[in-house]
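Please open the model in your viewer and keep the selection panel at hand.

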Amino acid sequence: MADSSLVSAARRATAAILAPERWWLAVIAIFVASRVVTTSLLLWFASIQGQNAWTGPRPDYFSFAKIWDGHWYFIISLAGYPSELPLTEAGEVGENAWAFMPAYPALVRVVMTLTTLDFAVAGVLVSVACSLGAALMLYRVMHLVLPAGSALFAVAIFCFAPLSAILQVSYAESMYLFLLILALFWLMKRQYWMLLPVIAVMSVTRPSGLAFALALGLHVVYRWWIRRREEFPLRERVAAIAATLFSLMMGFAWLLIAAAVTGSLTAYTDTELAWRASYIGYGELIPFTAWFQGAEFWAGWWHLPPWLLIVLLVAAVIAFFAFLLTKPARHLGVDLRLWVASYALYLLAVFFPQSSTFRLLMPLFPLAGVLALPQSRWYRAVLLAACVAGQWAWIHLAWWVDGYDWTPP
């Protein structure tokens, strides 16, 4: 009798949480469950972490969460950015803080000042708060195009995704994803003026202004194209075009700020190129060439003919954009697909493929909505189990430091 009562009580509690009008409770429950899983994995890896460039052996959680780029954000939060670019022995620009945008370390610094917490703790608190906000807003975005159950499962995929550990470490991704999801929400609601403050902060959190400007531009073209079917009044045209131009301007803002402080117009791009120099040496930033350079580099690494990886790359790109036209992808609506296409083009234009690229794929999160469409409980259980296994694999390969580590997160 007691067991039966407990089961009944659990079912009633679950039903209350999953009630449509209490969607936020369901999202919070999913988020908390996912953080318990991810925190457990991170703590386990921290317990076997050896001495490394950032911590001693077996660091505590917050120290473990501050390694890799987290250390750069720590430096920025305390010392800001250099007015002179560091140079290598060969006279090339070396790795430096200008590669990391200021919004996240500035917010962490504010939290540090208000709470007297150190960076390691404040950084995690900011990231977790932003990732919770991202999960809540993601449901609202997905519910604009998907039924409530599918939208909720899309949130679960996002929270348990293989790279979801990045949502609770000292990285800017959580803050950026929250702002991006908020921007997409305002875009889908046609509240273009509301986009301006979001774009302003988002563009100095992670590189995104140019990709979002492309998505907005395509959105304006699409709305003009279907104006007879869906009214596109003058006030919305003005607002949408203004948001597009503002995002385009913000896409170059950090480059110009770096140039003004250092006196070098190419300070930002030279800094970014320094990170790929260990793979392919120093060179110029020529759009849409890095992935072909990467194909040649990785072909040599794996002892494969370069043409094979180039053919696979071209086939993958064609298949990806073709997928966005399929019936499952069309469930996402036009705006989310325009963002996915725009961001994918941006990645192809400027980024060099290596282990960090997996992290850079996180803004393609709307595709979780496609994975959330099937209703089978078995499918959903297996998918979430695969996500957790993927978390373990990503932390092991990318976050945990094992001697000379060539797979940075």
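Helices here are DSSP runs of H or I with at least four residues, numbered from the N terminus. The model is predicted.

**The cavity.** Select Glu173, Tyr176, Leu177, Arg206, Pro207, Tyr343, Phe351, Arg359, Leu360, Met362 and Pro363, which line the largest cavity. Two elements, α8 (173-188) and α17 (357-360), each give two or more residues to this lining; α8 supplies the largest share, three residues. The cavity has a volume of about 70 Å³, and its lining comprises eight nonpolar, no polar and three charged residues.

**Charged pairs at the lining.** Next, display Glu173 with Arg206, a salt bridge whose closest N and O atoms are 3.4 Å apart. Glu173 belongs to helix α8 and Arg206 to the loop between α9 and α10, so the pair ties together parts 33 residues apart in sequence. Both Glu173 and Arg206 are buried.

Then move to Arg359, which forms a salt bridge with Asp69 at 3.6 Å between the closest N and O atoms. Because Arg359 lies in α17 and Asp69 in α4 (residues 69-79), this pair ties together parts 290 residues apart in sequence. Arg359 is buried at 7% relative accessible area, and Asp69 also counts as buried, at 16%.

**Helix α10.** Finally, select residues 209-225, the 17 residues of α10. Its buried residues include Phe212, Leu216, His219 and Arg223; among the elements covering them are α8, α11 (234-262) and α16 (333-350). Salt bridges with shared partners join Arg190, Arg223, Glu230, Glu236 and Asp335 into one network.

Definitions and conventions: Residues are numbered from 1 along each chain as its sequence is written. This is a predicted model: local features need pLDDT of at least 70, side-chain atom pairs count only at pLDDT 80 or more; totals for chains, interfaces and linings use all residues. Side-chain values use heavy atoms; hydrogens and water are left out. On a 1 Å grid over the protein atoms alone, a cavity is a set of points where a 1.4 Å probe fits but cannot get out, and a pocket is an open set with protein on both sides within 12 Å along at least five of seven lines; lining residues have an atom within 4 Å of a point. Grid points are joined across faces, edges and corners, and a volume is the space filled by probe spheres set on the points. Ala, Val, Leu, Ile, Met, Phe, Trp, Tyr, Cys and Pro count as nonpolar, Asp, Glu, Lys and Arg as charged, and the others, Gly among them, as polar. The expected span of a helix is 1.5 Å times one less than its number of residues. Buried means under 20% relative accessible area, exposed over 50%, partly exposed in between (1.4 Å probe, protein chains only). Contact means heavy atoms within 4.5 Å. A salt bridge is a side-chain nitrogen of Lys or Arg within 4 Å of a carboxyl oxygen of Asp or Glu.
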